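This report is written for a reader who is meeting the structure below for the first time. Please keep the sequence and the model in view while reading.

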Amino acid sequence: MTVGAPRDAPLLELRGVRVRRGGRTILDVPSLDVWPRGVLAVVGRNGAGKSTLLQVMALLLTPDAGDIRFAGERVTVGRNPVGVRRRMAVVFQEPLLFDTSVFENVASGLRLRGVSRPEARERVQRWLTQLGVGHLANRQARTLSGGEARRTSLARALVLEPQLLLLDEPFAALDYFTRQELLAELPSLLEAASSTAVLVTHDPTEALRLATCAVALRDGQIVAEGQTDEVLLAAGLSPR
Amino acid sequence: MDLLASALLTAFRLLLSGDAETWRVALLSLRVSLTATAISLLVGVPLGTWLALSRFPGRGALLALVNTGMGMPPVVAGLVITIFLWRSGPLGGLQLLYTPTAIVIAQIALSLPIVAGLSVAAIQQLDPRLRLQILALGATRLQYLWLMVRETRLPLLAAVMAGFGAVISEVGAAMMVGGNIQGETRVLTTATVLESSKGNFDVALALGIILLALVYAVNLALTWVQQRGRPP
């Protein structure tokens with residue numbers, strides 16, 4: 001299955017990926033490619049296997065079978081593939097911020113990569129400003145509102161300027177207005193970070209607004225793929 | 001009330017007059033207990049982290065052993081260490097019995113399970129998704145462990161306080177392996193027992209007050225580290 005505009009080579013390739021839990025298969029993806037640039041939406045109802053697929057893509061979950069390639073390089077997930085993982089970033093459903101300042105949260109991935117302090121400071125400030133939370137740099141993360149925390153977690157991922165950004169229903173817990181603001185900002189943020197994105201969502205309007213192509217999952221299997229509107233229609237997920 | 005007032009006066013007199021024996025006993029108490037707590041921290045936190053995050057056959061039994069150790073009676077720890085350090089015991093050649101080092105060893109046996117057991121609970125109460133987030137940020141195995149420990153620093157400091165409180169206040173093990181030798185292994189708790197048995201209740205109570213003041217001072221410092229920067 002090929003998703004996205006076929007330019008160059010796929011950024012991420014999944015082949016014959018299967019994940020089993022409690023004696024049953026919860027994800028079965030014979031073939032899926034993510035091509036550079038653009039946003040691929042992974043849509044489906046609750047329990048369809050979207051988050052499991054995202055964790056496999058993020059190399060956080062070792063599949064029971066199958067091959068994963070990132071930029072043509074075969075990845076062995078069980079061996080903590082730090083080198084490949086550092087070319088990705090993940091934003092989960094919850095902000096999952098560390099118990100420290102906003103600045104330190106956003107700098108955390110850069111610190112793990114050994115980026116120099118002056119460069120880290122410059123990048124963190126730039127991305128905090130870009131996300132509209134530059135004035136919160138010294139605030140403790142636990143004192144942030146939901147929207148501020150979400151912006152901080154996005155800044156923490158985007159500051160890494162990852163080749164692949166994986167978003168697991170990042171706007172699900174936000175109020176309507178904050179959600180609309182972030183949905184409007186996300187394309188330009190991805191452009192600034194030069195990142196390809198995979199957006200997991202159960203909200204068809206989000207998928208239509210952000211993604212040019214999509215895959216739909218049901219019971220852990222891909223049931224439709226292609227242009228977002230067509231996929232939503234085929235999978236019976238079109239917004240009314 | 002007269003006894004209490006007299007004890008307070010005696011405590012101040014003993015400290016302010018620079019009574020050499022009192023200061024020596026107080027400083028030895030502090031030295032052995034802080035050393036035992038520091039070693040328990042250095043060993044117990046990694047041990048607790050490992051137990052919390054790894055899966056292997058016998059893990060449950062090991063965890064139960066650590067949890068049992070949290071309630072270890074000091075006299076039992078003292079007895080076992082005494083047997084090991086006894087002249088004809090397995091470690092008799094080291095000639096450590098009735099030395100401050102022996103007290104440190106016994107106190108480690110008491111505080112290590114407390115620090116390790118509470119570390120297990122601290123690490124396990126972290127949101128499992130935070131563990132994924134740390135890995136997703138590109139952490140190596142060591143960086144992952146460090147960030148996990150950093151995120152649990154509040155309960156870990158509570159574990160340190162519990163460990164320190166257990167060892168500085170215990171008397172059975174210090175008495176058995178230290179021998180309560182004046183000028184060498186006498187600590188505040190063993191000195192308190194001795195003075196009490198001699199009927200010198202004011203001195204005994206004064207030593208108790210000094211002990212409480214020391215515990216309070218150390219916990220005040222640890223609490224400051226734990227709570228700094230946190231809103232009320």
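## Helix H10 of chain B

In this predicted model, helix H10 of chain B spans residues 188-197, and its buried residues are B:Leu188, B:Thr189, B:Thr190, B:Ala191 and B:Thr192. The cover over these buried residues includes helix H2 (20-53), helix H9 (172-178) and helix H11 (201-227) of chain B. After H10(B) comes B:Gly199, which has a positive phi near 85 degrees.

How do H10(B) and H11(B) pack, and at what angle? Their axes are 8 Å apart, and the angle is about 165 degrees. Angles over 145 degrees count as roughly antiparallel, so H10(B) is roughly antiparallel to H11(B). The crossing of the two helices is left-handed. On the side of H10(B), the contact is made by B:Leu188, B:Thr189, B:Ala191, B:Thr192, B:Glu195 and B:Ser196; H11(B) contributes B:Phe201, B:Val203, B:Ala204, B:Leu207, B:Gly208, B:Ile210 and B:Leu211. Sorted by class, the contact of H10(B) with H11(B) has eight nonpolar residues, four polar and one charged.

## Other helix pairs of chain B

Helix H5 (residues 100-124) and helix H8 (residues 153-168) of chain B pack with their axes 9 Å apart, at an angle of about 160 degrees. H5(B) and H8(B) are therefore roughly antiparallel to each other, and their crossing is right-handed. Among the residues of H5(B) that meet H8(B) are B:Leu110, B:Ile114, B:Leu118 and B:Ala122. The residues on the H8(B) side include B:Pro155, B:Ala159, B:Gly163 and B:Val167. By class, this contact of H5(B) with H8(B) has 13 nonpolar and four polar residues, with no charged ones.

Helix H6 (residues 128-136) and helix H7 (residues 141-151) of chain B pack at an angle of about 135 degrees, and their axes are 10 Å apart. That angle makes H6(B) oblique to H7(B). The crossing of H6(B) and H7(B) is right-handed. B:Leu130, B:Arg131, B:Ile134 and B:Leu135 of H6(B) make the contact with B:Tyr144, B:Leu147, B:Met148 and B:Glu151 of H7(B). The residues of the contact of H6(B) with H7(B) divide into six nonpolar and two charged, with no polar ones.

## Chain B as a whole

Of the 232 residues in chain B, 38% are buried. Among the contacts in chain B between residues at least 6 apart in sequence, 76% join residues at least 24 apart.

In soluble globular proteins, nonpolar side chains tend to be buried together. The largest nonpolar core here has 84 residues, of which A:Ala41, A:Val42, A:Val43, A:Leu166, A:Val198 and A:Ala214 touch the most other members. Helix H3 (residues 102-112) of chain A gives the most to this core, with six residues. Apart from this core lies another, of 54 residues, among them B:Val66, B:Val120, B:Ala122 and B:Leu207.

Not counting residues up to four places away in sequence, A:Val42 touches A:Lys50, A:Leu53, A:Leu54, A:Val198, A:Val200, A:Val215 and A:Leu217.

## Where the chains meet

How many residues of chain A are in contact with chain B? There are 18, and they are in contact with 16 residues of chain B. Helix H2 (82-85) and H3 of chain A are the elements that give two or more residues to the side of chain A that touches chain B. H3(A) gives the most to that side, with three residues. By class, the side of chain A that touches chain B has eight nonpolar, five polar and five charged residues.

## A:Val90

A:Val90 is found in strand E7 (residues 88-91) of chain A. Is A:Val90 buried or exposed? A:Val90 counts as buried because it has 27 C-beta neighbours inside 10 Å, where 20 or more are required.

Leaving aside neighbours within four places in sequence, A:Val90 is in contact with A:Ala58, A:Ala157, A:Leu166, A:Asp168 and B:Ala136. A:Val90 and A:Arg79 are 11 residues apart in sequence, and their C-alpha atoms are 19 Å apart in space.

Technical notes:
Residues numbered from 1 in each chain as written. Chains lettered and ligands numbered in written order. Predicted model: local features only at pLDDT ≥ 70, side-chain atom pairs only at ≥ 80, totals over all residues. Core = buried A, V, L, I, M, F, W, Y, C linked by C-beta atoms within 7 Å. Buried ≥ 20, exposed ≤ 12 C-beta atoms within 10 Å, placed from the backbone. Helix = DSSP H or I, 4+ residues; strand = E, 2+ residues; numbered from the N terminus. Contact = placed C-beta atoms within 7 Å. Nonpolar A, V, L, I, M, F, W, Y, C, P; charged D, E, K, R; others polar. Axes fitted to C-alpha atoms, helices over the stretch in contact; angles between N-to-C directions. Parallel < 35°, antiparallel > 145°, perpendicular 65-115°, else oblique. Left-handed = near helix turned anticlockwise from the far one by under 90°.
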